[in-house]
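Subject: Structure handover

Hello,

The structure we spoke about is below, followed by notes on what was found in it.

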Amino acid sequence: MKQKISRRNFIKWGSLASGSVALAGSAVAGYEAGKDTSSNTGWEREKYGDGQFFNRKPFETDEAVHDIQGATRRINYEENIFNRNRELFKLIYNKEEEQRWAFSDGIEKLPEPIKSYYQAHPEALSEYELSLERAKQQRVNWKDVKEKYILADAWSAAHASALYGKHGARFPDEPTSPPEEWDFRGIKHQQLPFKTPKHASELIKKIAYSFGATLVGITKLNPDWVYQGKLRGVGKTKFEVPKHWKYAIVFAVPHEWDSMYANPTYGSSYDAYSKLRWISGKLDAFIRHIGYAARPHIPPTSYEVIIPPLAVDAGLGELGRNGIVITPELGANTRIAAITTNIELEPDKPIKVGIREFCNKCKICADTCPSGAISFDDEPNQIIRGYKRWRINQDKCLTVWNTVATSHSRGCRVCLAVCPYSRKNNWIHTLARELDPRDPTGAVSTAMLAMQKSFFEYPDAHEFLPEPDGSNATYHNGPEWLRSEEWCDFNNNWE
Amino acid sequence: MLLQSTIFGPLFWMLQGILLFTFVIGLHYYFKDKNIELTIPKWLLIITYWLTINLTIAAGFTLIGEDESRAGIYFLGFFSVTLIIIGVVLRRFILKVK
């Protein structure tokens with residue numbers, strides 16, 4: 001006999017089925033939120049400025065954000081690793097044999113100012129020697145891994161082409177005259193009369209967003225952040241900070257997210273740097289067109305200012321253990337440039353969102369850094385030019401650039417990828433980034449960090465290195481559009 | 001992407017709403033047939049519990065979607081066990097406390 005199901009039971013069983021399907025629906029919605037490329041802050045398709053979605057107002061502070069310990073001073077030209085290594089490189093590989101310098105000649109035979117620098121830091125010189133040896137080995141190793149990483153290398157080279165102008169194009173131009181001339185070049189119009197400095201700041205920010213900036217902040221220029229000893233357009237010289245460098249417009253963009261997560265081999269520094277050049281060049285032209293002076297400062301080498309502390313002053317974020325400005329929107333995936341100008345602007349205030357406190361207890365970047373360059377100290381305890389902070393061993397960091405499986409020295413960026421703040425703008429991460437700064441107890445960050453360390457997988461630091469020390473690991477798998485095995489007819493020997 | 005689709009995105013969320021509504025109606029009849037009287041606070045607890053299950057599943061799958069599969073699975077494992085324990089306690093509370 002056929003058993004009839006009552007209407008009531010039908011509703012009850014139907015509702016059970018509905019509940020199950022709804023749970024499956026939540027899984028689908030969650031999965032799609034994770035995959036959604038519109039959560040790629042800075043690479044999404046949003047209205048200008050929507051990438052700067054974090055409301056900084058409640059976290060603005062009038063307290064000092066830089067821990068000053070005694071007398072402060074400007075950074076010398078040779079204290080920048082790129083500058084001193086460039087000097088050394090020119091000496092070691094000088095075309096004139098009699099002018100060459102070799103490591104066996106010793107520090108005494110080096111010219112000033114790098115001689116004094118290496119006398120004070122002899123370990124930096126031996127690290128550079130090691131770094132050059134690793135670079136030679138890197139070129140040998142590249143032959144073995146070239147097929148696997150050829151697309152990533154080509155992608156990086158494409159972005160780098162906008163930086164180095166090997167084919168004649170470089171935008172913006174590098175200065176060829178003193179700032180008092182160069183920063184004012186081509187100004188034809190009277191200075192645009194802004195209603196108030198606030199109007200000027202708001203307009204400049206909107207223009208910077210329209211040129212592609214994800215984050216923009218404004219600060220008065222602290223002279224301590226200006227390099228000493230070399231000035232583009234003039235050469236090696238001691239100089240006073242030009243009077244017209246009154247304010248700095250600081251703007252940031254992220255690296256492309258999926259390649260960034262696949263550092264050190266699939267990512268590139270140049271994708272963000274080339275975007276920054278483009279934005280800087282246009283903003284430079286715009287500012288001069290409305291009658292004011294402008295000078296772009298762009299990584300990796302075109303600058304006279306140290307950009308991270310400027311970004312802290314401009315309220316974009318806080319300085320992290322890894323030496324990178326960590327912002328609420330982009331985490332450590334933040335690449336920054338600045339323009340110094342004489343427009344009277346209304347500066348932003350620095351913010352305190354608990355990043356420093358988080359860095360105190362996290363240490364994931366230090367644990368996973370393949371060079372061991374990042375400090376494990378519980379709190380910043382190094383005095384650098386009068387400021388207390390964590391020290392990064394730049395020389396060790398560079399050695400790993402010259403070691404990992406790339407065609408040449410083009411960075412590592414593992415510390416950007418593994419930073420728990422480097423998360424896309426989807427609901428779970430944005431919930432965390434909104435909750436944590438509002439929690440005075442620190443319980444949220446402790447719980448987040450416990451999950452981060454227990455649930456997430458990080459390769460051991462040495463795994464990022466080539467054999468025999470490691471296995472050319474990447475933090476995440478490379479994105480499919482950079483994996484040559486997906487597109488090219490190779491033998492896949494590497495599998 | 002289903003949820004970014006102009007047509008399927010809104011339909012998906014409408015369907016999800018209907019399913020949740022149907023589920024609550026069925027639950028109402030279930031408790032009625034079992035002669036379990038539900039006060040408003042009890043209903044709120046049940047709905048909160050149900051939403052927490054949904055959010056946990058969504059969060060786990062968000063992590064899986066952004067290529068953090070291990071984190072997603074561990075997250076689901078850890079919070080499923082936690083939610084089962086909470087569910088057992090909640091059931092006892094609903095049945096015992098008048």
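**Helix 6 of chain A**

Helix 6 of chain A covers residues 197-210, and at 1.5 Å a residue its 14 residues should span 20 Å; the end C-alpha atoms are 20 Å apart, which agrees. Here the expected span is 1.5 Å times one less than the number of residues. Helices (H or I, at least four residues) and strands (E, at least two) are DSSP runs, numbered from the N terminus.

This is a predicted model, where local features need pLDDT of at least 70 and side-chain atom pairs count only at pLDDT 80 or more, while totals for chains, interfaces and linings use all residues. Residues are numbered from 1 along each chain as its sequence is written, chains are lettered from A and ligands numbered from 1 in the order in which they are written, and side-chain values use heavy atoms, with hydrogens and water left out.

The buried residues of helix 6 are A:Ala200, A:Ser201, A:Ile204, A:Lys205, A:Ile207, A:Ala208 and A:Tyr209. Buried means under 20% relative accessible area, exposed over 50%, and partly exposed in between (1.4 Å probe, protein chains only). These buried residues pack against strand 2 (215-220), strand 5 (247-253) and helix 8 (270-289) of chain A. After helix 6 comes A:Gly212, with a positive phi near 120°.

**Backbone points in chain A**

Most residues other than glycine have a negative phi, and most peptide bonds are trans.

- A:Glu112 and A:Pro113 are joined by a cis peptide bond with omega about 5°; A:Pro113 is in the loop between helix 2 (81-92) and helix 3 (114-120).
- A cis bond also runs from A:Pro299 to A:Pro300, with omega near 10°, and A:Pro300 is in the loop between strand 6 (294-297) and helix 9 (307-313).
- A:Lys363 is not a glycine, yet has a positive phi of about 65°. A:Lys363 sits in the loop between helix 10 (355-362) and helix 11 (364-368) and is buried, at 18% relative accessible area.
- A:Arg413, also not a glycine, has a positive phi of about 65°. A:Arg413 lies in the loop between helix 12 (394-401) and helix 13 (414-418), and is buried with a relative accessible area of 5%.

**A:Leu132**

A:Leu132 belongs to helix 4 (residues 122-164) of chain A and counts as buried at 12% relative accessibility. Leaving out residues up to four places away in sequence, A:Leu132 touches A:Phe89, A:Ile92, A:Tyr93, A:Phe103 and A:Asn402 (contact means heavy atoms within 4.5 Å).

**Chain B**

Chain B has three helices and zero strands. Its radius of gyration is 17 Å, well over the 13 Å that the globule rule gives for 98 residues, so chain B is more spread out than a compact globule. That radius is taken over C-alpha atoms, and the rule is 2.2 Å times the number of residues to the power 0.38. The C-alpha trace spans about 45 × 35 × 20 Å along its principal axes, and 37% of the 98 residues count as buried.

In helix 1 of chain B, the buried residues include B:Phe12, B:Leu19, B:Phe23 and B:Phe31. The cover over the buried residues of this helix includes helix 1 (7-35) of chain A together with helix 2 (40-65) of chain B. Helix 1 of chain B is followed by B:Asn35, whose phi is positive, near 60°.

Regards
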